[in-house]
Structures are given as structure tokens and as C-alpha cells.
Amino acid sequence: MEIYDLGLRLQELRRRKGMSQSQAARRLGISGAAISSYECNIRTPNAEMLVRMALLYNTTIDYIMGLEKRESPRHPISSDERRLAAQLLDIIKETKELLDSEEYQRKK
């Protein structure tokens with residue numbers, strides 16, 4: 001039985017793309033410390049971050065999480081699908097910002 005290591009998988013994906021931790025962090029919109037904590041298995045990425053990582057590394061969330069042995073998606077991700085995923089992530093970010101805003105908190 002093969003032992004799965006999320007941090008090692010993330011590190012390998014990043015290196016295959018020829019990126020440093022700081023480059024990957026910049027593209028993912030997080031700090032270098034956050035990337036390091038994921039790769040050292042100190043923290044686990046949330047669902048939103050897994051989507052961002054899958055898009056950046058051109059793989060699937062299932063592969064990142066060790067549920068799939070195949071690194072590449074069975075069907076290549078089209079540019080339209082990438083655009084839609086990016087828009088969805090922007091909507092999630094905007095919604096979080098709205099829910100955290102002082103004005104929304106006062107109305108609760």
C-alpha cells in the first residue's frame with residue numbers, strides 16, 4: 001500500500017511547473033509562508049485553495065488529495081472552463097469580503 005503525502009504532492013506539482021514557493025504563492029494570492037505550511041503538512045488547503053491549486057498546476061483536486069493516481073485531467077480543461085472557475089473564485093472572494101464587512105455585521 002502506497003503512503004500518500006499531501007505536502008509532498010503539492011511540492012512536486014509546484015516544482016514541475018518550475019515555480020518557487022514565492023512565485024506559486026503570488027499566483028495563488030497567498031503568502032509564501034502559507035505555501036510552505038501546506039507543503040510541510042502543517043496546514044491543509046481549504047476547498048477554494050484546492051480549486052486554485054488544481055487550476056494553477058493543471059491537475060485535478062482528486063489527484064492533489066491522493067484520490068486519483070493520474071496527474072492530468074482525463075479531459076483537458078478548456079480556456080472557457082478556466083475562465084469560469086476564475087470567475088467563481090472571484091465571486092467567492094467578494095462574498096467573503098461582503099460577509100466580513102462592518103456594514104453587513106451591523107445589520108445582523
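Start with one term: buried means under 20% relative accessible area, exposed means over 50%, and partly exposed is in between, with a 1.4 Å probe and protein chains only. This is a predicted model, where local features need pLDDT of at least 70, side-chain atom pairs count only at pLDDT 80 or more, and totals for chains, interfaces and linings use all residues. Residues are numbered from 1 along each chain as its sequence is written, and side-chain values use heavy atoms, with hydrogens and water left out.

Now the overall picture. The chain has seven helices and zero strands. Helices here are DSSP runs of H or I, at least four residues, strands are runs of E, at least two, and numbering starts at the N terminus. Of the 108 residues, 29% count as buried. The chain exposes about 7600 Å², and carbon and sulfur atoms supply 52% of that. Those areas come from the Shrake-Rupley method with a 1.4 Å probe; for residues, only the protein chains shown count as cover.

Next, contacts, meaning heavy atoms within 4.5 Å. Take the contacts with a separation of 6 or more: residues 24 or more positions apart account for 54% of them.

Look at helix α4, residues 47-57. How many of its eleven residues are buried? Nine, so α4 is mostly covered. The buried ones are E48, M49, L50, R52, M53, A54, L55, L56 and Y57. What covers them includes α1 (6-16), α2 (21-28), α3, α5 (61-64) and α6.

On to helix α3, residues 32-39, which holds A34. A34 is buried, at 6% relative accessibility. Its C-alpha atom is separated by 9.9 Å from that of S22, twelve residues away along the chain. S37 also lies in α3, and S37 is buried at 8%. Setting aside neighbours within four places in sequence, S37 touches I42 and R43.

Now charges. Side chains of opposite charge can pair when their charged atoms come close. I call it a salt bridge when a side-chain nitrogen of Lys or Arg is within 4 Å of a carboxyl oxygen of Asp or Glu. The whole structure has five.

One of them joins E39 and R14, at 2.6 Å, N to O. Why does that pair tie together parts 25 residues apart in sequence? Because E39 lies in helix α3 and R14 in helix α1. Both ends are covered: E39 is buried at 8%, and R14 is buried at 6%.

Back to α4. R52 forms a salt bridge with E48, with the closest N and O atoms 3.2 Å apart. The two are four residues apart in α4, so about one helical turn separates them. E48 is buried too, at 15%.

R83 is partly exposed at 43%, and D80 is partly exposed at 45%. Elsewhere, salt bridges that share partners join E48, R52 and K96 into one network.

Last stop, the surface. D90, E94, E97 and D100 gather in a patch of negative charge. Patches use residues with over 30% relative accessible area and no salt bridge, joining like charges within 9 Å and nonpolar side chains (Val, Leu, Ile, Met, Phe, Trp, Tyr) within 5 Å. Lys and Arg count as positive, Asp and Glu as negative; His and chain ends are not counted. A charge is placed at NZ of Lys, CZ of Arg, CG of Asp or CD of Glu. D90 lies in α6, residues 79-100, and D90 is partly exposed at 42%.
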